[in-house]
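Let's take a walk through one protein model, a helix and a sheet at a time. Have a look at the picture first, then read on.

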Amino acid sequence: MEIRDLEVHFQLRSNALARLVGGGGETVKAVDGVNITLRKGEVLGLVGESGSGKTTLGRTLLGLVRPSSGQILYGNQDIARLRQNKMRKLRQRLQMVFQDPHAALNPAMDVRAALGHPLRIQGLVRNKAEERARVVEALERVGLTPAEQFLDKLPSELSGGQKQRAVIARAIICGPELLVADEPISMLDMSVRAKILELMLELRRDLDLTYVYITHDLATAKFFCDRVAIMYLGRVVEIGPTEEIFADPKHPYTQALLAAVPDPDPERRIPRELPRGEIPDAAAPPHGCSFHPRCPFAFEPCGWEARDLQALFERRWTERGEEVFAREEHLVEGLSDLPSGQETVRLPVPSGRNASELKSLLDDARAEAPDDPLWRGVEDIDVEDGQVTLRFRAGIDPELRTVGGVDVACHLHDPDLKPPENAGY
Ligand SMILES: Nc1ncnc2c1ncn2[C@@H]1O[C@H](COP(=O)(O)OP(=O)(O)OP(=O)(O)O)[C@@H](O)[C@H]1O
């Protein structure tokens, strides 16, 4: 499967006030320019924090979500443009295993009906006897044996692990080629998680399956995947063989995710956190590299903008306390209203104060932390016409480039852009 320049944008409905003043709704770029070649027989992991676009990408590959642009080439068809009737036929070959096996099964349908349903829809059986035989075969494959004992069971009579096995049986019953498994074990008991992954590996071998495995859990991705794509705000920031990604992660986001994986050895276990800040609002992603506000190694070209300056002052006040906050807050209160994504911004001077006071505050803050990545990204601070003008260095969108055995989208690995000596990565 070839995924080319895939974009999935969701238009959020605007609120009443925004409509009144003529503003449209915001757009979330859930998938924002993804290129991946899925190889036959591999397990590809899509890994990232909540909101990074993993589920949307997985669902789009199966034709369950219409992309805004791009291609999903499968055989000689483009799933991105396929009509409903052709998609229905193709669905036999492309299946999904969902996170919640309880929700995936109709509580009123016994196992036999639930598994037989796709066979009937796809016209793959001629009569009840054939259907029963196929259902029994699928149940045996997923370890629900003796199959006869499970045929009449309702989902409520199955354990969590058994339910997920039944869901997997339903996914493989039509003979698929590709399975998208969205957090297939995260809602199961610890004791059955490894067994379900082992079952899936067994099925891959026996049935020649290809998997896309969606997870935020790097530990299972390490065990289960041949390749891993790390996603952040709709983009793939690093992709490569699992072994290489784990041995030598290149993107600071991958490094942070890996550092946050708890070490099973209690002697070596140290509390580690993801880098500062939360995952940003997907409707207003940061300028340049979306990870730059949280990146410990960000430097000049990473895409600095007004809201980064606001975040810098917020950190400063958290560190320095009430008194500094009371003194400075009023002077920089206009920061929160500044447009994002612009390289030149004019900071409004509050009434009763003057531009040189605001400039000196910025100069002082800069002099105190000249190596803060934000200040390295500020070209100059001037007073013009009674306003303070701040010019950021031009931000560049990082593209995936091959570094060693992986592809990574990070300026630290661009030989034309020189990260500072003390970048420390
Ligand atoms: N139908 C929708 N309408 C509007 N926004 C959506 C829709 N589906 C997803 N989104 C948004 O798209 C972004 C990506 O969501 P998605 O569920 O694909 O991420 P994810 O990485 O799978 O997260 P999670 O692990 O929480 O499921 C999020 O910001 C989400 O709010």
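Which elements do the buried residues of α9 pack against? They pack against α6 (128–141), α8 (160–172), β7 (178–182), β8 (210–215) and α10 (218–224), where contact means heavy atoms within 4.5 Å.

Before going further, some ground rules. This is a predicted model, so local features need pLDDT of at least 70 and side-chain atom pairs count only at pLDDT 80 or more, while totals for chains, interfaces and linings use all residues. Residues are numbered from 1 along each chain as its sequence is written, and side-chain values use heavy atoms, with hydrogens and water left out. Helices (H or I, at least four residues) and strands (E, at least two) are DSSP runs, numbered from the N terminus.

**Helix α9**

Helix α9 covers residues 190–207, which is 18 residues. The buried residues (under 20% relative accessible area with a 1.4 Å probe, protein chains only; exposed is over 50%, partly exposed in between) are Ile-196, Leu-197, Leu-199, Met-200 and Leu-203. They cover an arc of only 155 degrees around the axis, going by the directions from the axis to the C-beta atoms, so they sit on the same side of α9. Why can that happen? An α-helix has 3.6 residues a turn, so residues three or four places apart point the same way. On the other side of α9, Ser-191 and Arg-205 are exposed. After α9 comes Asp-208, with a positive phi near 60 degrees.

**The open sheet**

Now for an open sheet of three strands, with the order β11-β13-β12 and antiparallel pairing. Two strands pair if DSSP finds at least two bridges between them. β11 and β12 stand at the edges with a single partner strand each, so one side of each has no neighbour in the sheet.

| Strand | Residues |
|---|---|
| β11 | 344–347 |
| β12 | 378–384 |
| β13 | 387–392 |

β11 and β13 pair over four bridges, and Thr-344 stands opposite Arg-391 in β13. Helix α15 (residues 355–368) lies across β11, β12 and β13.

**Leu-338**

Leu-338 lies in the loop between α14 (322–328) and β11. Leu-338 is buried, with a relative accessible area of 15%. Among the residues touching Leu-338 are Ala-306 and Val-345, not counting residues up to four places away in sequence.

Terms used: The expected span of a helix is 1.5 Å times one less than its number of residues. Axes are lines fitted to C-alpha atoms, for helices over the stretch in contact, and angles run from 0 to 180 degrees between N-to-C directions.
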